[in-house]
Structures are given as structure tokens and as C-alpha cells.
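User: I would like a close look at one helix packing and at what surrounds it. Please keep it brisk and define terms as you go.
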Amino acid sequence: MTYRSTARTSAPPVFILGGAQSDFARNWTRENKGLFDMIAETTEAALEDARIDAGDVEVLHVGNFAAELFCGQGLLGGMAVHANPAFAGLPTSRHEAACASGSMAILAAMADIEAGRYGLAGVIGVEMMRNVPGQTAAENLGAAAWAGREAIGARYLWPAMFSNLAAEYDRRYGLNPEHLAEISKINFANGRRNPNAQTRNWEFTERSFAQDDEANPVIEGWMRKSDCGQVTDGAAVIFLASEEVAREYADARGLDLEDIPRLKGWGHTTAPLLLESKLAESAGTDGYIFPWVRKAITDAYARAGLSGPDDLDLVETHDCFSVTEYMAIEHFGLSAPGEAWKPVEDGVIAPGGKLPFNPSGGLIGLGHPVGATGVRMALDAARQTSGRAGDCQVEGARTAATYNVGGSTTASVSLVIGV
């Protein structure tokens, strides 16, 4: 099953002036700090990185999934304006699409700029998740599934749901757990080079990635400990600008406008909430298991004027579980449906490979503060394509893509970012 592209390419460019993320290893509750501290500290760091005055920001967009459940806190736009005295009175909006909430905030800020309403927008992604017991966190995150209808009886809903995806891959095409383990190995290794990664100091052995119930216990079904992304506190902030504002910014700082990363393309789709409905729609076909994911990515390609993955230098993708990245590999077009194992085996996605995936470490290695992840992906893509990714840098990177999931691919957002 395929869907007709609706991509249009006539929108004016939107530039990324800079940004920052928090250290994803921090447990803010242990520091007696909360959501506001994350927002304020990361926003200040982002203003410094972008070298902009807070008084020049014209609008704020906040991505967050479940602050009410984890922290009893809503109206985060009102909290965001406390981050700097110059933000008082700014228009703000909060955006929610589960783990894709940060990308929704980016899309909304882009629309503001493209429409000519504002010239400089701040995008804040934030989530606090380590202030509750693990079981409570799992239950809170279950709100992104259809409550009372999915993964009934599972202790950990999302590992169970993505185990079902792995089982469907196995049923349709065959699936080797060693390929999933290799994805996790790569992302944990990448995370060791990232100074903000939650797992940068973790230690592993080969048994950590084996079908070993002691060293790598089963969480749910196909998903073992090494297959799972992290429960993380964190924030990420970026500043987006119109071409007029970006040009003035560049001129004032002696920069070349062409060297400032921009959002070249985007794709956004929404699939049925139920995983079983998604899988049923693509069952019996030889196409992609999630045609809506494929459409989001190919729409981003089309808007950016790209022919496919050969035009990319790296990908930051959603690996809440190893099988999610496995799915993304083929949906980006690196393989035919059911053959994502080939780029894994061939080293295509590894550091130094033809198309490295998640040089940041991804959600498995870097961490996954749900509402911040989409913003963090965009920030890493911008840093990569402007040569500012430090030890995570992909040499010569000029064009990067992101893919951000909400729920069981209910919300899909892909961005193409480059210079």
C-alpha cells in the first residue's frame, strides 16, 4: 500500500541559528530541581550558543508529552516565559504527539515563520520522567497507546507493543535478534562519544547483547534490556529564523548565510492509533510495513529536492527500541521491505559507513526525554551539517535527516536539515 505524496516545495526557508540540550545523564529530582529548571538552564545555554538576545525572540513553542502525569503540571508555555525576563508577554503554544511532541513544536514554529507572523522563534522540548518509579513511568507513557485496548496484561506496555512489531517482522520476513543487537551495540558505542549521553559511562560485555537471560534479560517478548531506549530527564532548545532575520544575523556576525543550517524539507503523517489497525492495513502486501512512515520520509525527501538516502550524509532516527530503528532503515529506503538486515550486516549505518545512523547515540545511547527528543534530533542534525558535532561529527556532513515517532508510529515526522 502506498500513499500519494502531498509535498509542496514553495515555502520560504527556515534557518536554525543554534541551540542546546541538557545533560541527559542528570537526574533532576536528585538535585531538587524540576521542569522549570530544565527549561531555564537549557534555554539560557541555547541563547548563548546561538549568540542571540532573548529580547529578539518573538514566539515560543513547547513540545511536551506528559508533564501532567509525571509532574502534575500543565500550561508549560506560561512556565517557559519565566525562563528569561525578556520573554514576558510572548505568544506561546504547547504541542503534544507523544514521543513526537518536539517535532510538532518545530513544525508549528516553522509554520509561524513561513506565514510571516514572526521572524525568530524559540522551540523548547522538555520531559521529566525519572521523578517516579519505573513502573509508574511505564504506565504514564502508556497514555500514547489506546488505553484499555492495547497490550492488555503487559507489565511494560511499550516494550510489549514493539515486541509485537518484531514478531510481525519475523512472521512476514524472518527476523534475526543478532541484527537488533548490532543496532544497539552501534548506538551505545556512539553514545560513549557524546558528552551529553545518559549511557556514556556504562560498561558492556558481549553478553550484554546476547540472548542471555542473566546479562541481557527479557523485558517483554522479543525486547531484551539492550533493545530498549532509556527513561530520561532532559530538555533541548533551538532557535528558528526567517531568511530575513537569518541574513541580518549572519551579516552582524560576519557569517555566510549559506553556512547556516536550514530546514530543507519535512514530512508529517498520522496513522490509526491502534497498532493492530496499522499492521492490518499493510498485511498481505509486499510494501512497507508502515506506509505512513514511508510517506513522511519521502515527503521530506521531496520537499528538500532529494532523490533518496544517497543524498544524505547521516540520519538521526527514533530508536526507542532496536526494532524501531530496524524499521526506519528500510523506510528511509536503504533496503527493500523486510531486508533492513542487509545495511546492518554491511556496516552501512555504522560510524564510517555509507550512511551513519544516530551518531549522537540515539534514544538507546543518548537517552529519550520524550518531549525533547524531536528537538534534540534537529539540533544534532544542525550541528552535524555545520561541523559543530564534536566527537560525534560525521566527516563532511552537509545534509542530515531525522525521523521522530509518536506512539506505535501513530505520529511520524521526518525533517531534512542541511547547508
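At what angle do α4 and helix α14 pack, and how far apart are their axes?

Analyst: The helices α4 and α14 (residues 373-385) pack at an angle of about 65 degrees, and their axes are 5 Å apart. The contact is made by Gly-102, Ser-103 and Ile-106 on the α4 side, and by Gly-374, Val-375 and Ala-378 on the α14 side. Contact here means heavy atoms within 4.5 Å. By class, the contact has 3 nonpolar and 3 polar residues, and no charged ones. In this scheme Ala, Val, Leu, Ile, Met, Phe, Trp, Tyr, Cys and Pro count as nonpolar; Asp, Glu, Lys and Arg count as charged; the others, Gly among them, are polar. Axes are lines fitted to C-alpha atoms, for helices over the stretch in contact, and angles run from 0 to 180 degrees between N-to-C directions.

Some ground rules. This is a predicted model, where local features need pLDDT of at least 70 and side-chain atom pairs count only at pLDDT 80 or more, while totals for chains, interfaces and linings use all residues. Residues are numbered from 1 along each chain as its sequence is written, and side-chain values use heavy atoms, with hydrogens and water left out.

Now the sheet. It is open and has 9 strands, in the order β3-β2-β4-β7-β1-β8-β11-β10-β9, with mixed pairing. At its edges are β3 (92-95) and β9 (314-317), each pairing on one side only. Neighbouring strands of the sheet are turned by 25 degrees against each other on average, direction ignored. Helix α4 (residues 101-114) packs on this sheet. Helix α4 touches β1, β2 (59-63), β3, β4 (120-127), β7, β8 (262-270), β10 (399-406) and β11 (411-418). The direction of α4 makes about 160 degrees with that of β2. Helices (H or I, at least four residues) and strands (E, at least two) are DSSP runs, numbered from the N terminus. Two strands pair if DSSP finds at least two bridges between them.

Take β2, one of the strands touched by α4. Strand β2 is mostly covered, with 5 of its 5 residues buried. Buried means under 20% relative accessible area, exposed over 50%, and partly exposed in between (1.4 Å probe, protein chains only). Val-59, His-61 and Gly-63 point one way from β2, whereas Leu-60 and Val-62 point the other way. In a regular strand the side chains alternate between the two faces of the sheet. On one partner, β4, strand β2 pairs in the parallel sense over 5 bridges; Val-59 has Ala-121 as its bridge partner there. With β3, strand β2 also runs parallel, joined by 4 bridges. Val-62 stands opposite Arg-94 in that strand.

Val-14 stands opposite Ser-242 in β7.

Next, β10, which α4 also touches. Of its 8 residues, 8 are buried. Thr-399, Ala-401, Tyr-403 and Val-405 point one way, and Ala-400, Thr-402, Asn-404 and Gly-406 the other way. Strands β9 and β10 pair in the parallel sense over 4 bridges. Strands β10 and β11 pair in the antiparallel sense over 8 bridges. Their hairpin has 4 residues between the strands, and Gly-407 takes a positive phi near 70 degrees there.

Glu-316 stands opposite Thr-402, and in β11 the bridge partner of Thr-402 is Leu-415. Thr-402 counts as buried because its relative accessibility is 1%. Leaving aside neighbours within four places in sequence, Thr-402 is in contact with Glu-316, Phe-332, Met-377, Ala-378, Ala-381, Val-413, Ser-414 and Leu-415. Ala-378 is also one of the α14 residues in the contact with α4.

Finally, Gly-371 in the loop between α13 (362-365) and α14. Its relative accessible area is 0%, so Gly-371 is buried. Beyond neighbours within four places in sequence, Gly-371 is in contact with Gly-63, Asn-64, Phe-65, Ser-101, Gly-102, Gly-125, Val-126 and Glu-127. Gly-102 belongs to the α4 side of the helix contact as well. Gly-371 and Ile-124 are 247 residues apart in sequence, yet 8.8 Å apart in space, C-alpha to C-alpha.
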